[in-house]
Amino acid sequence: MKLINKILVKLDKRIANENKQRFDSGGMTLKKAKICILGQFSLMTHPNVSAQLTLLATADVDAFIDSDWWIKNEFKKLLNKEGLEYDELSNEIWIPPQSTFTKIYDSKNIYCDVIDPLYALVSKAIKAKEKNKILISDALNLYGDELGTLIQKFGGDRIYFKK
């Protein structure tokens with residue numbers, strides 16, 4: 001969580017500086033950005049999950065970004081400086097209906113939340129089961145019937161992860 005907060009604080013400062021320059025020159029300021037962290041990186045932002053599940057380190061950051069191009073570009077630059085890369089295919093990630101999210105940053109310039117672990121795991125179990133078999137198997141031991149029921153509800157096979 002510390003790394004993403006560090007990135008968001010830097011992004012917030014860059015947006016504030018850019019908005020000041022735009023305002024001072026009579027231009028339009030940037031609207032508030034909305035960022036939603038998804039995928040494996042979302043699991044790594046939840047300390048209680050990353051402490052209980054073995055997560056493979058990833059350099060890919062999946063996120064839905066609703067912002068001006070300038071902000072998205074600055075976000076990518078900041079990720080790259082930290083050895084991370086924004087996944088341009090993030091918009092293809094399936095989010096289970098009724099997913100819940102946790103707010104991790106909110107300022108005048110940025111709102112950022114992260115998908116809650118249970119729903120990130122369901123998404124992985126349904127859309128990338130082979131790649132995530134070990135992770136989901138471990139997660140079923142942690143979340144039990146709650147995760148198993150959601151996997152079944154969305155067309156997955158919880159037994160697949162017990163083999």
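Tutor: Residues are numbered from 1 along each chain as its sequence is written, and side-chain values use heavy atoms, without hydrogens and water. In this predicted model, local features need pLDDT of at least 70 and side-chain atom pairs count only at pLDDT 80 or more, while totals for chains, interfaces and linings use all residues.

Student: At roughly what angle do the axes of α5 and α6 cross?

Tutor: Helices here are DSSP runs (H or I, at least four residues), and strands are E runs of at least two, numbered from the N terminus. Axes are lines fitted to C-alpha atoms, for helices over the stretch in contact, with angles from 0 to 180 degrees between N-to-C directions. The axes of α5 (residues 117–127) and α6 (residues 133–143) come within 10 Å, and they cross at roughly 140 degrees.

Student: How many of the 11 residues of α5 are buried?

Tutor: Buried means under 20% relative accessible area, exposed over 50%, and partly exposed in between (1.4 Å probe, protein chains only). Lys124 is among the buried residues, as are Tyr119 and Ser123. α5 is mostly covered, and the count is nine.

Student: Is serine 90 buried or exposed?

Tutor: Serine 90 sits in the loop between β3 (85–86) and β4 (101–106). Leaving out residues up to four places away in sequence, serine 90 touches Val61, Asp62, Ala63 and Phe64. Because its relative accessibility is 0%, serine 90 counts as buried.

Definitions and conventions
Contact = heavy atoms within 4.5 Å.
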